[in-house]
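Here are my notes from a pass through this one. Have a look at the model first, then read on.

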Amino acid sequence: MENTYDAKNISWSCRHTWKNASINTTWCLIGCSIGDFGTILFFQFSNIPFPVIGVMILAIINGLITSIILETIILMQQMDKKKAFKTAISMSLISMISMEIAMNLTDFLMTGGQAKITLYTILPMWIAGFLTPLPYNYYRLKKYGKACH
């Protein structure tokens, strides 16, 4: 039987659910960061002339791809490869996309309109990328009793 929660009627004070949502969000953050940071660093160090918005879009796409790959690998510990991939590909794109946009927007704003990874942008990017989808991931756990990632 499916829970019939909506955002107004769920308890937002369940520590166990916040912990699970935080763990799920962290796995997504790791996967997204690999592709996102890798793409930005590639353009940063190769000096290939490419528009900032293009770098950001590629970083978001690659972040989604690496997140799905990481999740597939994690899920293969629990199920066969085909089912793991289908589960990973069907996970919440809302959560992953919001994470990616938050990370890239933070980078863009902190570097004065560039796509550039620096020591002082990494932590704020991770914080923004973690906090942005966390309430949504908590909500999904409460509403559906399952993880987004």
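1. Ground rules. This is a predicted model, so keep in mind that local features need pLDDT of at least 70 and side-chain atom pairs count only at pLDDT 80 or more, while totals for chains, interfaces and linings use all residues. Residues are numbered from 1 along each chain as its sequence is written, and side-chain values use heavy atoms, with hydrogens and water left out.

2. α1 against α6. Helices here are DSSP runs (H or I, at least four residues; strands are E, at least two), numbered from the N terminus. The axes of α1 and α6 come within 9 Å and cross at roughly 120°; axes are lines fitted to C-alpha atoms, for helices over the stretch in contact, with angles from 0 to 180 degrees between N-to-C directions. That makes α1 and α6 oblique to each other (under 35 degrees is roughly parallel, over 145 roughly antiparallel, 65 to 115 roughly perpendicular, and the rest oblique).

3. Contact means heavy atoms within 4.5 Å. Take threonine 17, which sits in helix α1: leaving out residues up to four places away in sequence, threonine 17 touches Tyr138, Leu141 and Lys142. Threonine 17 is buried at 8% relative accessibility (buried is under 20% relative accessible area, exposed over 50%, partly exposed in between, with a 1.4 Å probe and protein chains only).

4. Aromatic pairs. Rings of Phe, Tyr and Trp (its six-membered ring) pair if their centres lie within 6.5 Å; planes under 30 degrees apart are stacked, over 60 edge-to-face, and the rest tilted. By that rule there are 6 aromatic pairs. One of them is tryptophan 12 with tyrosine 138, where the ring centres are 5.0 Å apart and the planes are at 20°, so the pair is stacked. Tryptophan 12 lies in the segment before α1 (15–46) and tyrosine 138 in helix α6 (residues 134–144), so the pair ties together parts that are 126 residues apart in sequence. Tryptophan 12 is partly exposed at 36%, whereas tyrosine 138 is buried at 0%. Ring pairs also bring in Trp18, giving a cluster of Trp12, Trp18 and Tyr138.

5. The phenylalanine pair. Phenylalanine 42 and phenylalanine 43 pair edge-to-face, 5.2 Å centre to centre with 85° between the planes. Phenylalanine 42 is partly exposed, with a relative accessible area of 47%, while phenylalanine 43 is buried at 15%.

6. Cysteines. How many disulfides does the structure hold? It holds 0, a disulfide being a pair of cysteine sulfur atoms within 2.5 Å. For cysteine 28, the closest cysteine sulfur is that of cysteine 32 at 3.8 Å, too far for a bond. Cysteine 28 is buried at 2% relative accessible area, and cysteine 32 is buried at 0%.

7. α2 against α4. α2 and helix α4 (residues 93–110) pack at about 140°, with their axes 10 Å apart. The two are therefore oblique to each other, and the crossing is right-handed. From α2, Val52, Met56, Ala59, Ile60, Gly63, Leu64, Ser67 and Ile68 take part, meeting Met96, Ile97, Glu100, Ile101, Asn104, Asp107 and Phe108 of α4.

8. What is covered in α5. In helix α5 (residues 119–131), the buried residues include Thr121, Ile122, Met125, Ala128, Gly129 and Phe130. The cover over the buried residues of α5 includes α1, α4 and α6.

9. Serine 46 is in helix α1 and is partly exposed at 29%. Serine 46 and isoleucine 65 are 19 residues apart in sequence and 22 Å apart in space, C-alpha to C-alpha. Asparagine 47 lies in the loop between α1 and α2 (52–75) and is exposed at 63% relative accessibility. Please check its backbone: phi of asparagine 47 is near 60°, a positive value in a residue other than glycine.

Methods
A crossing is left-handed if the near helix is turned anticlockwise from the far one by less than a right angle, and right-handed if clockwise.
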